[in-house]
Amino acid sequence: MRRCAVLLHPDADYAGRLADFWNQRKSLGLPVYAFSALEAFRAFRARADVELLLFSEHFADEMQGLLGQSMAILLSEDGFVGERCQNALPVPAVFSYRPADALARRVMQLYATARPGDLSPVQRGDCEILGIYSPVHRCGKTTLALSLGLARAAQGKTLLLSLEDYAGVYAQIAPDAAESLSELLFAHSSGRYSWAVLQSRLSAFGALDLLPPVRCAEDLSLLPPEEFAALLQRIARESGYRSMVLDFGAFGRRALELLELCDRIFMPVLSDPLSVLKLNSFREYLRQSGRAQLLEKTETLELPPETEKAQDYACALLPAYESGPLYELAAALH
């Protein structure tokens with residue numbers, strides 16, 4: 001039997017729902033099995049390769065001899081004691097009653113620290129890389145990126161990675177500044193990147209996995225372009241995503257080497273004279289710099305005006321991004 005994760009909790013409904021959610025989102029990179037009775041788990045344990053074992057403190061006194069080589073984590077019901085509790089077993093503890101995504105991130109943080117590089121992705125395969133880029137400012141790049149990400153997530157596991165200098169609306173979606181692209185860049189530059197590190201930093205926006213922008217703009221310079229490209233290729237290759245959407249934001253000419261990784265590039269534009277001049281200058285620059293092939297996989301888009309939804313977009317209201325003319329346009333992109 002391949003490696004798996006086990007969730008052992010006396011509340012069968014809680015354990016089952018949490019396991020189902022994690023399996024659907026592939027949050028732990030392993031199939032998750034839920035048990036509410038110790039004897040059932042004991043029988044399963046004898047024939048399974050349990051890589052991750054999360055167990056309620058209800059069972060703590062009976063877990064001696066059942067941990068084996070598993071990475072074990074105690075699920076505490078005490079929010080105050082939480083991860084600082086001094087439990088009888090020499091294992092880390094997390095507060096169990098937190099949002100499922102946040103709990104999965106904390107589990108992955110503990111795993112990445114204890115066993116760096118040990119956990120491999122649940123699946124490998126081709127991943128389409130879609131870029132949202134434009135030399136024109138305030139043309140709806142981020143709104144399109146989120147709408148496209150949600151549309152692709154409805155078809156399969158999708159990651160949106162933002163290269164914005166400043167968080168903007170992403171700060172509304174993921175207010176915890178510790179979960180950001182900065183930590184992933186630090187990990188890669190120090191040779192500590194792993195799939196578990198990536199999973200520990202993700203936020204969720206509906207069915208879409210999201211890696212928020214860097215905490216400070218200078219962090220985008222941590223990696224030279226070729227190393228940045230290597231990191232993105234590794235994520236696409238190893239993380240089991242069907243699609244990866246890159247929101248280039250105001251990344252500027254530094255984006256060109258990364259744009260070459262994209263299978264398709266969607267470029268929102270505006271029709272005013274100054275914007276047209278800027279777009280023409282960008283196209284001419286690509287031709288002169290030997291990157292004219294980027295134009296062949298770039299589709300320019302004039303986004304439908306939705307000024308009445310501007311406040312809803314700014315507040316990161318999920319229904320605003322999952323409906324309306326812009327979402328329909330994003331869902332039709334190929």
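Okay, let's start with a definition: helices (H or I, at least four residues) and strands (E, at least two) are DSSP runs, numbered from the N terminus. Before we go on, this is a predicted model, where local features need pLDDT of at least 70, side-chain atom pairs count only at pLDDT 80 or more, and totals for chains, interfaces and linings use all residues. Residues are numbered from 1 along each chain as its sequence is written, and side-chain values use heavy atoms, with hydrogens and water left out.

So, cavities. Rolling a probe the size of a water molecule over the atoms shows where empty space is left. Here a cavity is a set of points, on a 1 Å grid over the protein atoms alone, where a 1.4 Å probe fits but cannot get out, and lining residues have an atom within 4 Å of a point. Points are joined across faces, edges and corners, and a volume is the space filled by probe spheres set on them. How many cavities of 30 Å³ or more does a search of the whole structure find? Two.

H3 and strand E8 (203-205) each give its lining at least two residues, and H3 has the largest share, with three. Among the lining residues are Arg25, Lys26, Asp101 and Lys157. By type, that lining splits into three nonpolar, three polar and six charged.

Tyr133, Met267 and Phe282 are among them. Strand E11 (264-268), helix H10 (273-288) and helix H11 (293-296) each supply at least two.

Between H10 and H11 there's a loop, and arginine 291 lies in it. Is Arg291 buried or exposed? It counts as buried because its relative accessibility is 17%, and buried means under 20% relative accessible area (1.4 Å probe, protein chains only). Leaving out residues up to four places away in sequence, Arg291 touches Leu256, Glu257, Glu260, Tyr285 and Leu286, where contact means heavy atoms within 4.5 Å.

Last, the cores. A nonpolar core is a set of buried Ala, Val, Leu, Ile, Met, Phe, Trp, Tyr and Cys residues joined through side-chain atoms within 4.5 Å. The largest has 67 residues, and Leu52, Leu181, Phe228 and Phe248 have the most contacts inside it. Helix H3 (residues 100-114) gives the most to this core, seven residues.

Terms used:
Buried < 20%, exposed > 50% of the residue type's maximum accessible area, 1.4 Å probe, protein only. 1 Å grid on protein atoms, 1.4 Å probe; cavity = no way out; pocket = protein on both sides within 12 Å on 5 of 7 lines; lining within 4 Å. Nonpolar A, V, L, I, M, F, W, Y, C, P; charged D, E, K, R; others polar.
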